[in-house]
Amino acid sequence: MLQQDPNAEPQITRQCFRRRYPETDFYEEKNRDKVRNHTYKSAIEYHADNIRNKVVLDLGCGTGILSILCAKAGARKVYAVDAGTDIASQVANIVDANGLSHVIIVVRGRFEDLEINEDVDVIVSEWMGQMLLGEDMLLRVITARDRWLKPGGVILPSSGTLFMAPFTNFERYCEKVEFWLDVAEIDMSPMISFTEQNAFASPNVDRINDENLLADPQVVKHVNCYSITIPELMSIGESFSMKTLKQGRVNGFAFWFNAEFTGLRQEEEQLSALDRMDSALVLCTGPSVPPTHWEQLERGRPFTGSVTLTQPTKHKWLMEIKLIYRSNNGDLVCKKQTDLFSPF
């Protein structure tokens with residue numbers, strides 16, 4: 001059953017997505033992610049006792065996969081909500097094709113404008129954006145939590161942890177920069193400084209391996225979905241101090257996240273964010289799991305600085321990143337401010 005929200009407004013974010021690639025490519029990429037699919041399926045099955053005969057709210061339902069998994073886990077009713085006009089229509093068709101239209105209600109419209117005439121027992125969402133906090137999906141989960149989640153209700157994922165570490169990737173550096181030393185037997189080396197200033201000016205979504213990391217990762221932010229507030233997410237700052245594990249040229253800083261499906265309300269900050277991986281269902285996007293400028297570092301020397309992530313008041317799908325780091329003799333090495341646009 002498809003419901004139309006009369007207060008729905010065109011979404012600028014969707015328009016931005018379409019400029020980057022066809023909408024079908026966006027959903028295909030997400031649904032081809034076997035790690036993502038398996039983790040959500042396992043988490044929903046693990047929490048089946050909290051879902052069976054309960055009301056579930058799926059925020060940003062996309063193709064409806066999470067709604068269908070919750071329905072199969074025994075949910076009495078599932079509200080599948082998405083702001084996209086075309087995809088909401090397709091979800092209604094997918095729900096019908098799976099014989100679940102008596103359980104899943106597909107709703108198109110802005111989450112902030114939704115009117116659901118009952119409280120819900122479970123909120124499930126793929127709220128994680130680039131660097132965990134990119135986009136504004138987590139803000140919407142918080143809004144939904146405060147409006148509709150029953151006392152003792154469950155949020156999946158229940159928490160997330162953003163990590164960072166300096167990395168080296170000499171091969172990629174050579175591919176982008178040293179390529180200009182010899183082009184068709186022509187010296188184009190003047191392009192090197194120009195390339196260094198432009199090719200690495202914006203954050204890059206890419207994969208790195210453990211061997212690329214120059215230091216152990218440090219937690220930038222741990223988010224507990226039961227207690228986090230919107231003002232807390234507007235600006236996040238964290239100082240870091242690391243010791244390098246090996247000598248290497250710093251080509252950048254890598255950021256990645258874990259999304260944790262513990263379903264627990266208590267303050268999880270009592271546990272080490274790294275240790276939680278052994279005791280919870282975790283969707284990990286770090287370099288150590290199956291399937292981003294520069295200064296020379298000496299092994300064991302201190303590496304300090306700070307990172308600040310700020311979401312603009314108006315365009316919350318953007319992320320402003322300010323990174324300052326010092327090393328060796330303590331001189332300022334880099335101070336950069338840029339915008340991160342998340343394609344997701």
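Let me start with Leu57. Leaving out neighbours within four places in sequence, Leu57 is in contact (heavy atoms within 4.5 Å) with Tyr79, Val81, Ile116, Val120, Val122, Ile123, Val124, Ala144 and Trp148.

Before going on, a word on the source. This is a predicted model, in which local features need pLDDT of at least 70 and side-chain atom pairs count only at pLDDT 80 or more, while totals for chains, interfaces and linings use all residues. Residues are numbered from 1 along each chain as its sequence is written, and side-chain values use heavy atoms, with hydrogens and water left out.

Now the core. In soluble globular proteins, nonpolar side chains tend to be buried together. A nonpolar core here is a set of buried Ala, Val, Leu, Ile, Met, Phe, Trp, Tyr and Cys residues joined through side-chain atoms within 4.5 Å. Buried means under 20% relative accessible area, exposed means over 50%, and partly exposed is in between, using a 1.4 Å probe and protein chains only. The largest nonpolar core has 79 residues, and Leu57, Leu59, Ile104, Leu133, Leu138 and Leu309 have the most contacts inside it. Helix α7 gives the most to this core, with seven residues. Helices (H or I, at least four residues) and strands (E, at least two) are DSSP runs, numbered from the N terminus. There is also a second, separate core of seven residues, with Ile208, Leu213, Ala254 and Trp256 among them.

Next, the second largest cavity. A cavity is a set of points on a 1 Å grid over the protein atoms alone, where a 1.4 Å probe fits but cannot get out, and lining residues have an atom within 4 Å of a point. The volume is the space filled by probe spheres set on the points, which are joined across faces, edges and corners. For this cavity that space is about 40 Å³. Which residues line the second largest cavity? They are Leu133, Glu135, Asp136, Met137, Leu138, Leu139, Leu233 and Gln311. Helix α7, residues 137–148, gives the most to this lining, with three residues.

On to charge. Side chains of opposite charge can pair when their charged atoms come close. A salt bridge is a side-chain nitrogen of Lys or Arg within 4 Å of a carboxyl oxygen of Asp or Glu. By this rule there are ten salt bridges. One of them joins Glu126 and Arg36, with the closest N and O atoms 2.9 Å apart. Glu126 lies in the loop between β5 (120–125) and α7, and Arg36 in helix α3 (residues 34–46), so this pair ties together parts that are 90 residues apart in sequence. Is Arg36 buried or exposed? Arg36 is buried, at 6% relative accessible area. Lys30, Arg36 and Glu126 are linked in a network of salt bridges.

Another pair is Arg147 and Glu115, where the closest N and O atoms are 3.8 Å apart. Arg147 lies in helix α7 and Glu115 in the loop between β4 (104–108) and β5, so the pair ties together parts that are 32 residues apart in sequence. Arg147 is partly exposed, at 33%, and Glu115 is exposed, at 64%.

Last, Arg140 and Asp136 meet in a salt bridge, 3.5 Å from N to O. Arg140 is buried, with a relative accessible area of 11%, and Asp136 is buried at 13%. Asp136 also lines the second largest cavity.

Conventions:
1 Å grid on protein atoms, 1.4 Å probe; cavity = no way out; pocket = protein on both sides within 12 Å on 5 of 7 lines; lining within 4 Å.
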